[in-house]
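Good morning, everyone, and thank you for making time for this.

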Amino acid sequence: MVVKVYGGAYGSPKRVIACFIEKEIEYDVVHIDLFKGENTTPHYLNLQPFGALPVIQDGDYTLYESRAIIRYYAEKYKSQGTELLGRTVEERGLVEQWLEVEAHNFQPPLYDLVIHVLFDGKEGVIPDEKRIKEDEEKLARVLDVYEQRLSTSKYLAGDSFSLADLSHLPFGHYLVTSLGREYMIRDRKHVSRWWDDISSRPSWKKVLQLHPYVF
Amino acid sequence: MVVKVYGPAYASPKRVITCLVEKEIEYEVVHVNLFKGENTTPQYLQLQPFGVLPVIQDGDYTLYESRAIIRYYAEKYKTQGTELLGRTVEERGLVEQWLEVEAHNFHPPLDDLVIHVLFDGKKGVTPDEKRIKEDEEKLARVLDVYEQRLSTSKYLAGDSFSLADLSHLPFGHYLVTSLGKEYMIRERKHVSRWWDDISNRPSWKKVLHLYPPPV
């Protein structure tokens, strides 16, 4: 029996799928249509009570929150595929630090931009230029810190690719495509170098090919 | 040499200190006064480039983001003090899931209430009643899910206290004290039972006694 991932077409589930590919773990995808409210059915809420994506089912084991799922699989399958948690407990600490930075500093303004730019005037989203500008400014300040970090470190947590870098791929993708804000990456030499490196990994290319974004 | 924790008077550093007390790890504190902007000095930004609390210095090793720091110490000192990461990799997965839930669902509306009602209020900012109401409603929906979870599970991740429960103490404390919203906990029988259990742990009582919050 193979692990099932719900909602492959969307951003956060792609964190999990990229991790599975890096760790050479077989998986199946169960499609969920957010626009049809398939995340609010009693069946879905039984698996993920907050109605968010993704959730995984691995036999009897159910787990949600993409960053919890990737930590679980990266640890359980430590001895196969790419090492994604560092080699020592100190290296793992830095992976955890930058995973938290992604979750608390990079993701929130970027996610808000995705909703407000891509759904401006649709699905009940009220156009708000001031809010978009504030999100951009917050994200710019965060990317300035990344620029400094990546000027002395090949990847965020050190000299190897880890979950911390991987975690930026699904929403970073929006920034350089449909959000039309690739300059935020390209204006920053080291962030640009890092983005090219991580987004060129075969695992990410495969995720994009097999599970295209629905928006 | 003993680990130094910056900013004990504030909430997020208390996640770290409570963890260190549970794991029987010696530590020292370095006071940082947010109202005087001591988190924006070049010296502080060198340690924590986003200017937030806490950061720890353990000899040569510097780490920030409270939930990264507690994961690091809980793993490094797994064989001493309270087990905070579960006994199996599956149990740890659930700890990670609920740590993420705390970070993404419980924390943001509560943090907004704390900043807006308590800290801004102290600086003379007029409370925005609509914003406060929205934060409360979001938090209420989250606590409803907790109520259901805790009706069949003693602690969030299972039958033992873990980092996932601990992570709720510092901001949960504001909810039941200076924010004056204890009813949100008390109106939910299982959340109430759980809150009393975790907030009566000797570690938490010690942290509150040694480092009283500023508001």
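This is a predicted model: local features need pLDDT of at least 70, side-chain atom pairs count only at pLDDT 80 or more; totals for chains, interfaces and linings use all residues.

Let me begin with a total: over all chains, the structure holds 47 salt bridges, where a salt bridge is a side-chain nitrogen of Lys or Arg within 4 Å of a carboxyl oxygen of Asp or Glu. One of them is formed by A:Arg71 with B:Glu96, and the closest N and O atoms of that pair are 3.7 Å apart. Because A:Arg71 lies in helix α3 of chain A and B:Glu96 in helix α4 of chain B, this pair joins two chains. In general, side chains of opposite charge can pair when their charged atoms come close.

Residues are numbered from 1 along each chain as its sequence is written, chains are lettered from A and ligands numbered from 1 in the order in which they are written, and side-chain values use heavy atoms, with hydrogens and water left out.

Now to the place where the chains meet. How many residues does the contact take from chain B and from chain A? It takes 29 residues from chain B and 29 residues from chain A, contact meaning heavy atoms within 4.5 Å. The area buried between the two chains is about 2700 Å², and carbon and sulfur atoms give 63% of that area; buried area here is the accessible area (1.4 Å probe) that two parts lose on being put together, summed over both. On the chain B side, B:Phe50, B:Gln97 and B:Glu100 lose the most area to chain A, together 20% of what that side buries.

Between chain B and chain A the count is 12 salt bridges. As for where the residues come from, β4 (61-64), α3 (66-76), α4 (89-122) and α5 (129-150) of chain B each supply at least two residues of the side that touches chain A, helices (H or I, at least four residues) and strands (E, at least two) being DSSP runs numbered from the N terminus. Helix α4(B) gives the most to that side, with 13 residues.

Let us turn to the sheet of chain A. It is an open sheet of four strands in the order β2-β1-β3-β4, with mixed pairing, and two strands pair if DSSP finds at least two bridges between them. Strands β2 (27-30) and β4 (61-64) of chain A stand at the edges, each with a single partner strand, so one side of each is left without a neighbour in the sheet. Strand β3 (residues 55-58) of chain A pairs with β4(A) in the antiparallel sense over four bridges, and A:Ile56 has A:Leu63 as its bridge partner in β4(A). Helix α3 (residues 66-76) of chain A packs on this sheet, touching β1 (3-6), β3 and β4 of chain A, and its direction makes about 130° with that of β4(A); axes are lines fitted to C-alpha atoms, for helices over the stretch in contact, and angles run from 0 to 180 degrees between N-to-C directions.

Finally, chain B. Its open sheet of four strands has the order β2-β1-β3-β4, with mixed pairing. There, α3(B) lies across β1, β3 and β4 of chain B, running at about 130° to β4(B).
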